[in-house]
Amino acid sequence: MQDTREHPIRLKYSHPGARPPVYVAASFTSPPWQPLELDYVQVSSMRNDLDNMSEFEFFKDFYVTEGHWQYKFRLGPGDWWVCSEGVDT
């Protein structure tokens with residue numbers, strides 16, 4: 001029997017120089033693949049002690065059933081898409 005319970009997940013994105021807005025589009029959203037804007041927090045840059053420029057961490061919480069899901073991030077309002085580094089695509 002397949003587990004149909006929903007489980008919380010948090011998708012996160014960060015990259016030096018990334019600025020809001022950042023979106024996520026996923027196969028588990030309703031409607032599927034509709035970009036949703038990520039929440040974000042401003043954090044200090046970790047590049048070096050002399051760099052006081054701020055960076056951002058983006059995130060969004062979801063509830064999903066167990067299974068194989070796909071998602072990708074859109075940077076800004078245009079058509080620049082990226083995938084999570086270190087995650088099978």
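So, of the 89 residues in this protein, 26% count as buried, where buried means under 20% relative accessible area, exposed means over 50%, and partly exposed is in between, with a 1.4 Å probe and protein chains only. Keep in mind that this is a predicted model: local features need pLDDT of at least 70, side-chain atom pairs count only at pLDDT 80 or more, and totals for chains, interfaces and linings use all residues. Residues are numbered from 1 along each chain as its sequence is written, and side-chain values use heavy atoms, with hydrogens and water left out.

Okay, the overall layout. There are 0 helices and 7 strands; helices (H or I, at least four residues) and strands (E, at least two) are DSSP runs, numbered from the N terminus. Along the sequence that reads β-β-β-β-β-β-β.

Four of those strands make an open sheet, in the order E3-E2-E6-E7, with antiparallel pairing. Two strands pair if DSSP finds at least two bridges between them. E3 and strand E7 (81-82) are at the edges with a single partner strand each, so one side of each has no neighbour in the sheet. E2 and E3 are joined in the antiparallel sense over 2 bridges, and Val 24 has Leu 36 in E3 as its bridge partner.

Now, the inside. Which residues have the most contacts inside the largest nonpolar core? They are Tyr 13, Val 22, Leu 38 and Phe 58, in a core of 14 residues. A nonpolar core, by the way, is a set of buried Ala, Val, Leu, Ile, Met, Phe, Trp, Tyr and Cys residues joined through side-chain atoms within 4.5 Å. Strands E1 (6-13), E2 (22-26), E5 (54-65) and E6 (71-75) each supply at least two residues of this core, and E5 gives the most, with 4 residues.

Let's stay with Tyr 13. Not counting residues up to four places away in sequence, Tyr 13 touches Ala 18, Val 22, Leu 38, Glu 57, Phe 58, Phe 73, Leu 75 and Val 82, contact meaning heavy atoms within 4.5 Å.

On to the rings: the structure holds 8 aromatic pairs. Rings of Phe, Tyr and Trp (its six-membered ring) pair if their centres lie within 6.5 Å; planes under 30 degrees apart are stacked, over 60 edge-to-face, and the rest tilted. Tyr 13 and Phe 73 form a tilted pair, 5.1 Å centre to centre with 45 degrees between the planes. That pair links strand E1 to strand E6, 60 residues apart, and both Tyr 13 and Phe 73 are buried. Phe 28 and Phe 62 have ring centres 5.1 Å apart and planes at 75 degrees, so that pair is edge-to-face. Phe 28 is in the loop between E2 and strand E3 (36-37) and Phe 62 is in strand E5, so this pair ties together parts 34 residues apart in sequence. Ring pairs also link Tyr 13, Tyr 40, Phe 56, Phe 58, Tyr 71 and Phe 73 into a cluster.

Last stop, Pro 20, in the loop between E1 and E2. Is Pro 20 buried or partly exposed? Its relative accessibility is 30%, so Pro 20 counts as partly exposed. Leaving aside neighbours within four places in sequence, Pro 20 is in contact with Tyr 40, Phe 56 and Phe 58.
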